Amino acid sequence: MDEYQFTHVPLNRDTPKRTGKTPEAKITAECDRYLKLIGVLNIRANAGAWQDDAGHMIQGAKAGTSDKILCVAGRFVALELKAAKGVQSEAQKAFQARVTALGGLYILAHSKDELRAALVAAFGEQTICDRETLGRAREKALRTAKRNF
C-alpha cells in the first residue's frame with residue numbers, strides 16, 4: 001500500500017464559481033507586464049497574516065504597505081495600484097508619508113498609463129523610452145529564438 005492516501009473531495013456546488021478578475025487585479029496584471037517590459041525589479045508585498053497548510057501563522061508586511069516595491073534606475077519606488085474609483089486607506093497614506101520622508105518615490109496609479117506618466121515625471125521621458133525600446137527588442141529576440149528553436 002502506498003505511504004500516502006489521497007481522497008477525492010467534491011466541489012461545493014452551492015457557492016457560485018468566481019469568473020474573471022477584480023478590476024484591481026486586471027490593472028495589476030497590466031502594470032506587471034509593463035514593469036517587466038521596462039526591466040525594473042518588481043516585488044509584490046503581501047500585507048496581513050494568514051495560515052499555512054500546517055496551521056502556522058505567517059505574518060506578511062505591515063498594513064498599509066504598498067502593493068509593489070520597485071527598484072527603478074537604482075531608486076526605491078513604492079507602487080500602490082487601485083481600481084478606477086479606489087482610494088487609499090489611512091494606513092496607506094501613512095506609509096506614503098514615511099516613504100517620501102525617507103527620500104523614496106511613492107506612486108499611486110489607477111492604470112498603466114498613470115504609472116507610466118509618474119515614471120516619466122520622476123525619471124524623464126528619455127529614460128523610460130529607452131527602457132521600453134530595450135524591452136521590446138528583448139521580447140522580439142526571445143520570440144525569434146523560440147521560433148528558431
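What follows α1, and is its phi positive or negative? I looked there first: Gly39 comes after α1, with a positive phi near 70 degrees.

A note on the source. I am working with a predicted model, where local features need pLDDT of at least 70, side-chain atom pairs count only at pLDDT 80 or more, and totals for chains, interfaces and linings use all residues. Residues are numbered from 1 along each chain as its sequence is written, and side-chain values use heavy atoms, with hydrogens and water left out.

Next I listed the elements. I found 4 helices and 6 strands, taken as DSSP runs numbered from the N terminus (helices H or I, at least four residues; strands E, at least two).

Then I checked the length of α1. Its 15 residues (23–37) should span 21 Å at 1.5 Å a residue, and the end C-alpha atoms are 22 Å apart, which agrees; the expected span is 1.5 Å times one less than the number of residues.

I read an open sheet of 4 strands in the order β1-β4-β5-β6, with mixed pairing (two strands pair if DSSP finds at least two bridges between them). β1 and β6 stand at the edges with a single partner strand each, so one side of each has no neighbour in the sheet. β1 and β4 pair in the antiparallel sense over 4 bridges, and Arg44 has Lys68 in β4 as its bridge partner.
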